[in-house]
Each structure stands twice: as C-alpha cells, then as structure tokens.
Amino acid sequence: MGSIKNNLYVVTLASMVDRTVGISYGKSYVVAEDVEQAYQKVKSFLETNKIGTPSDRVLYRIELLASTDIYSGIKNILFT
C-alpha cells in the first residue's frame with residue numbers, strides 16, 4: 001500500500017478575487033490529493049459559511065504548485 005500523495009494547488013474562482021478589504025476568497029491555497037478535491041474544499045467552505053453566491057463560486061483555474069511526490073515532475077516539493 002502506497003502513501004497518499006498530497007499536492008498544493010492555488011484555486012482561483014471566477015469572482016471574489018480582487019478584494020480591497022478583507023479576505024480574497026477567490027484565490028485560495030489548498031492541500032488536496034487532486035484538482036477535484038481541491039475545488040470541492042474551497043466550494044464547500046464558501047457554501048457552509050454562506051460566502052458569495054453560486055456564480056461567485058464558479059471555478060476559473062486550478063494551478064499545481066507543489067507535490068509530496070518527488071517523482072511527480074513538479075519542481076517544488078511539498079512537506080507536510
């Protein structure tokens with residue numbers, strides 16, 4: 001049985017990115033196993049805390065920044 005590989009993603013939503021006051025929920029850094037889990041973590045948090053509207057929570061982009069898997073081909077390693 002192999003260990004679970006975690007990745008660090010930056011999840012960018014279509015809205016809520018450029019805030020002048022408060023937290024910019026539209027750009028979040030997430031540790032997850034894959035892109036779907038990363039987006040679901042952000043979306044679930046926003047829904048649970050009633051932040052934004054459904055149209056604010058639309059995914060714009062996910063970027064992989066680092067991985068715990070040294071053989072992933074990603075140049076940045078994630079230590080957890």
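Me: Which residues of helix 1 are buried?
Reply: Ala38, Tyr39, Val42 and Leu46 are the buried residues of helix 1, where buried means under 20% relative accessible area (1.4 Å probe, protein chains only). This is a predicted model, in which local features need pLDDT of at least 70, side-chain atom pairs count only at pLDDT 80 or more, and totals for chains, interfaces and linings use all residues. Residues are numbered from 1 along each chain as its sequence is written, and side-chain values use heavy atoms, with hydrogens and water left out.

Me: Why do they line one face of the helix?
Reply: Viewed down the axis of helix 1, the buried residues fall within an arc of 95 degrees, so they line one face; the arc is that of the directions from the helix axis to the C-beta atoms.

Me: What do the buried residues of helix 1 pack against?
Reply: They pack against strand 1 (7–13), strand 2 (27–32) and strand 3 (59–67). Helices (H or I, at least four residues) and strands (E, at least two) are DSSP runs, numbered from the N terminus.

Me: Changing topic, where is Arg57 found?
Reply: Arg57 lies in the loop between helix 1 and strand 3.

Me: Which side chain of opposite charge is nearest to Arg57?
Reply: That is Glu47, 4.3 Å away; Arg57 is buried yet has no salt bridge (a side-chain nitrogen of Lys or Arg within 4 Å of a carboxyl oxygen of Asp or Glu).

Me: And which backbone oxygen does the side chain of Arg57 reach?
Reply: The side chain of Arg57 reaches the backbone oxygen of Gly52 at 2.8 Å.

Note on methods: Buried means under 20% relative accessible area, exposed over 50%, partly exposed in between (1.4 Å probe, protein chains only). Contact means heavy atoms within 4.5 Å. Lys and Arg count as positive and Asp and Glu as negative; His and the chain ends are not counted. A polar contact is a pair of N or O atoms within 3.5 Å; within protein, one must be able to donate a hydrogen and the other to accept it, and residues adjacent in sequence count only if both atoms are side-chain atoms.
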